[in-house]
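Subject: Handing over a structure, with notes

Dear colleague,

I am passing the structure below on to you, and after it you will find my notes on what turned up. Please read them with the sequence and the model open beside you.

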Amino acid sequence: MKIERIRIDQAKFDMVDFSKHPTGFSLVYTPGSRKPTSAYAIRIYTDEGVVGQYVGGNSVATAQVNMFGGYLIGKDPLQRELIYNDVKRQLRKFDKMGMGFVDIALWDLAGRVHNASIRTLLGGWKTRLPAYASTAAGDRNGGLDSPEAYADFAVACKELGYRAYKLHVWDTYDVPEVVRTIAKVREAVGPDMDLMLDPGCKLETFAHAVQVGRACDDANFLWLEDPYKDTGISIFGHKRLRELIRTPLLQTEHVRGLEQHMDFAIGGGTDFMRADAEYDGGITGALKIAHATEALGLDVELHTPGPAQRQLMASLRNTNYYEMSFVHPKSSEIGRSQLIYADGYRDGLTAIDADGCVPVPEGAGLGVEYDWDAIEAHTVDTVEFTR
């Protein structure tokens, strides 16, 4: 089997009631606003008629595909390890995010060849995954705009069935308000719900990270993630933070690839490992990170929701929660999730069952069917690689 053609479509949709924060980069609740957002759809065609598909990615990933897309033409799409290592070298001067976008589609293709889900190809066994509610960033517009609002939303998520809740706080903050929010949420949900905090690297100083971390200690948080403006990459800084607080750290969302993840863990910079199939070299790369993390006796937590994350998580022992990200009390769904699927798959606040779990798609490959009519109706740009 050989790859004959690769097509990438950029489709634009509107995200309703969210916009960029005026002093930062977070998406925040803004009633009445419409923010254009892009989905990138890749299809890998073979000479035997099997097509691998994936919708996700971002502009950086798709730009990087231009550096190696031609190389893929004529290659055996089932030789994912060869492709992973060749492309890794080609992108050695960059962050390598283009690898993941292609690799996920290659795994989908493999599942279609073998008429099996990716979970099955990986030896997976889980059919349902416990999810945590991962909030949108704080706003000042009547949504997550106070400690009480975060607490009320945490209670609502618990009543929906979520077993865990993660806070993303404000771009403009003061430490006492963040500390009050941490305490208020714990008080509201009681002792039996796992709580986490992800400032998204917003805290200005190491001192703020220590103060917030100690508040997490008092509230018995499960983890603290990417606290301050080193951007989540300082092994030494996070090692020192671990020595000053009791709450476990979850790091490595912002370092790319297997080797950097292992350096971070062995250097003492984290307790939990973060991996992302899109960011870290696809399912191939994220699986390497998960298994290497298992060898260290640690857990890996996958970043963001989606069918690739569900298939991968279903095959991992050393992982805890599926991230249902960007949930908000005034918005029930995540971005464009209802527009790109033709089979009822969805992510969003209410996509869990009564036990707080999501199902793992059972079909071949990623296990989902995309609505190509809807995607193509919103397509604004197309790139193709052929012989």
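Over residues 147-248, what percentage of the chain is helix and what percentage is strand, and how far apart are the end C-alpha atoms? In this predicted model, that stretch is 51% helix and 11% strand, and its end C-alpha atoms lie 23 Å apart.

The chain as a whole

The protein chain has 14 helices and 13 strands. Its radius of gyration is 20 Å, close to the 21 Å that the globule rule gives for 387 residues, so the chain is as compact as a globular protein of that length. Taken along the principal axes, the C-alpha atoms fill a box of roughly 60 × 45 × 40 Å. Of the 387 residues, 59% count as buried, while the accessible surface comes to about 15000 Å², with 50% of it belonging to carbon and sulfur atoms. Among contacts between residues at least 6 apart in sequence, 72% join residues at least 24 apart.

Aromatic rings

A pair of aromatic rings is described by the distance of the centres and the angle of the planes. The count of aromatic pairs in this model comes to 12. In one of them, the rings of Trp-223 and Phe-272 have their centres 5.4 Å apart and their planes at 55°, so this pair is tilted. The pair links distant parts of the chain, since Trp-223 belongs to strand E7 (residues 223-225) and Phe-272 to strand E9 (residues 272-275), 49 residues apart. Both Trp-223 and Phe-272 are buried, and together with Tyr-132 and Tyr-321 they form one aromatic cluster.

Tyr-341 and Tyr-345 also form a tilted pair, with 4.7 Å from centre to centre and 55° between the planes. Tyr-341 counts as buried because its relative accessibility is 12%, and Tyr-345 counts as buried at 9%, the limit being under 20%.

Charges over rings

The charged end of Arg-43 sits over the ring of Trp-372, 3.9 Å from its centre, and the charged end of Lys-288 sits over the ring of Tyr-84, 5.1 Å from its centre.

Two residues to look at

Tyr-54 is found in strand E3 (residues 51-56) and is buried, with a relative accessible area of 5%. Leaving aside residues up to four places away in sequence, Tyr-54 touches a list of residues that includes Tyr-40, Ile-42, Phe-101, Glu-278, Ala-308 and Tyr-370. The C-alpha atom of Tyr-54 is separated by 31 Å from that of Lys-202, which is 148 residues away along the chain.

By contrast, 20 Å separates the C-alpha atoms of Asp-217 and Ala-133, two residues that are 84 residues apart along the chain.

Methods:
Residues are numbered from 1 along each chain as its sequence is written. This is a predicted model: local features need pLDDT of at least 70, side-chain atom pairs count only at pLDDT 80 or more; totals for chains, interfaces and linings use all residues. Side-chain values use heavy atoms; hydrogens and water are left out. Helices (H or I, at least four residues) and strands (E, at least two) are DSSP runs, numbered from the N terminus. Rings of Phe, Tyr and Trp (its six-membered ring) pair if their centres lie within 6.5 Å; planes under 30 degrees apart count as stacked, over 60 as edge-to-face and the rest as tilted. Buried means under 20% relative accessible area, exposed over 50%, partly exposed in between (1.4 Å probe, protein chains only). A charge sits over a ring if NZ of Lys or CZ of Arg is within 6 Å of the ring centre and within 35 degrees of the ring normal. The radius of gyration is taken over C-alpha atoms; the globule rule is 2.2 Å times the number of residues to the power 0.38. Contact means heavy atoms within 4.5 Å. Accessible areas come from the Shrake-Rupley method with a 1.4 Å probe; for residues, only the protein chains shown count as cover.
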